[in-house]
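Here's a guided walk through a protein model, going from the overall layout down to single residues. Keep the viewer open and follow along.

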Amino acid sequence: MLTAVERGGVYLPNCGLWMDARRAKPFAVVSHAHSDHTARHQSFLATAPTIDCMRVRMGDAVADRGVAVDYGEVYQHGALRIQLFPAGHVLGSAMVRIEAPNGESLLYTGDFKMRAGLAAEPIEIPQADTLIMESTFGRPEFTFPSSEVLQQQIRDFCVQALAAGEVPVLLAYSLGKAQEVLKILQSGDFTLMVHKTIRALNPVFDKHGISMPTTRPLDFLNMQDCVVVMPPAARKKIPRGRQRLAMISGWGLQPNSKYRYRTDAVLPLSDHADYPELLQFVDAVGPKKVFTLHGSTVELAAALRRRGVDAWSLSGNDQLELF
Ligand SMILES: [Zn+2]
């Protein structure tokens, strides 16, 4: 039977299979190259873009142990058929569908979004009996504005800062979010100055068919008239001066988020599904059983049960509600 537990990653005890294990394993499936989904495994299965991103971030020794599979290709692992499907989250991100010899199936989403992005493959949703899904934004207040509105907000933020003689600094994670922001700014007349961890990944996007705009290396002494894109961790290196900071994060929907992030704005562009998308996604998969993982696991599972879906938090912290 295809059962799963959360144990620093998702583990299928009956098959001995790890997915997104956060500690090194003899073999694991890696859904995408964000650091909380990868480890220095002895061998792993992932898409080619994910392995290329891991090569940039973790080095050749790790990446050389990756086995690349195309979306939709069947990889036979013992008795299990494993297939990866585009998750729409970041370049190369994959949902993992596992099928047992008796035809029973399980889908693990990793991180995903339904909205089309500018820097990730569009999602493809397979059907499955059991669904393990992320629930980062699994509460109704997390309903994002449309992509067009968000894209305009980001461009307006930059135009207004520049007009006021300030340097717009957009804080975005190096893999995925930053490239989405760069694609949004590509259509404007901006000089883009970009942190090295982002510039190092841009050729992987070019290689896999997502052409990135020309950028300049970040130079803190010459930022005037540029739009700066950097990961949040690099902000402490910004020298005193006339800058206007925006954090790019879905958490921007929470009131007071700009005080929490200590930025002038938080623009809620996210690479995760919002609440309506999470519900829509479950309808599309049509599972018999759902387990939620990350973020609002208990809340989303309860909402799904109210809609007649047999849904529980994978960590099991809502099972008491049965009694
Ligand atoms: Zn991710």
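**Layout and domains**

The protein splits into domain 1 (5-141 + 272-322) and domain 2 (147-267), with the bounds coming from an automatic or database domain assignment. Before going further, some ground rules: this is a predicted model, where local features need pLDDT of at least 70, side-chain atom pairs count only at pLDDT 80 or more, and totals for chains, interfaces and linings use all residues. Residues are numbered from 1 along each chain as its sequence is written.

Where the two touch, the contact takes 17 residues from domain 1 and 16 residues from domain 2; two residues are in contact if their C-beta atoms, placed from the backbone, lie within 7 Å. On the domain 1 side, the touching residues divide into 10 nonpolar, four polar and three charged. In that count, Ala, Val, Leu, Ile, Met, Phe, Trp, Tyr, Cys and Pro are nonpolar, Asp, Glu, Lys and Arg are charged, and the others, Gly among them, are polar.

**The parallel sheet**

Now find the open sheet of six strands in the order S14-S13-S15-S12-S16-S17, where the pairing is parallel. Strands are DSSP runs (E, at least two residues), as are helices (H or I, at least four), and both are numbered from the N terminus. Two strands pair if DSSP finds at least two bridges between them. The edges are strand S14 (216-217) and strand S17 (265-267), each of which pairs on one side only. S17 is joined to strand S16 (residues 243-248) in the parallel sense by three bridges, and Met-247 has Val-266 in S17 as its bridge partner.

Five of the five residues of S15 (residues 226-230) are buried, so the strand is largely enclosed by the rest of the structure. Buried here means that 20 or more other C-beta atoms lie within 10 Å of the residue's own; 12 or fewer makes a residue exposed, anything in between makes it partly exposed, and the C-beta atoms are placed from the backbone. Both faces of S15 are covered, with Cys-226, Val-228 and Met-230 buried on one side and Val-227 and Val-229 buried on the other. Strand S12 (residues 167-171) runs parallel to S15 and is joined to it by three bridges, and Val-169 has Val-228 as its partner there. Strand S13 (residues 191-194) also pairs with S15 in the parallel sense, over four bridges, with Thr-191 partnered by Cys-226.

**The nonpolar core**

Which residues have the most contacts inside the largest nonpolar core? That core has 98 residues, and the ones with the most contacts inside it are Ile-132, Leu-170, Val-181, Val-228 and Val-229. It draws at least three residues from each of domain 1 and domain 2. A nonpolar core is a set of buried Ala, Val, Leu, Ile, Met, Phe, Trp, Tyr and Cys residues joined through C-beta atoms within 7 Å. Click on Ile-132: leaving out residues up to four places away in sequence, its contacts include Val-10, Leu-106, Tyr-108, Phe-291 and Leu-293.

**Helix H8**

Next up is helix H8 (residues 297-306), where Thr-297, Leu-300, Ala-301, Ala-303 and Leu-304 are buried. Seen down the axis of H8, these buried residues fall within an arc of 160°, so they line one face of the helix; the arc is that of the directions from the helix axis to the C-beta atoms. They pack against strand S11 (130-135), helix H7 (275-285), strand S18 (289-295) and strand S19 (311-313). After H8 comes Gly-308, whose phi is positive, near 90°.

Strand S2 (residues 10-12) and strand S3 (residues 17-19) pair in the antiparallel sense over three bridges, and Leu-12 stands opposite Leu-17 in S3.

Finish at Glu-6, which is found in strand S1. Is this residue buried or partly exposed? Glu-6 is partly exposed, with 16 other C-beta atoms within 10 Å. Not counting residues up to four places away in sequence, Glu-6 touches Leu-293, Leu-314 and Ser-315.
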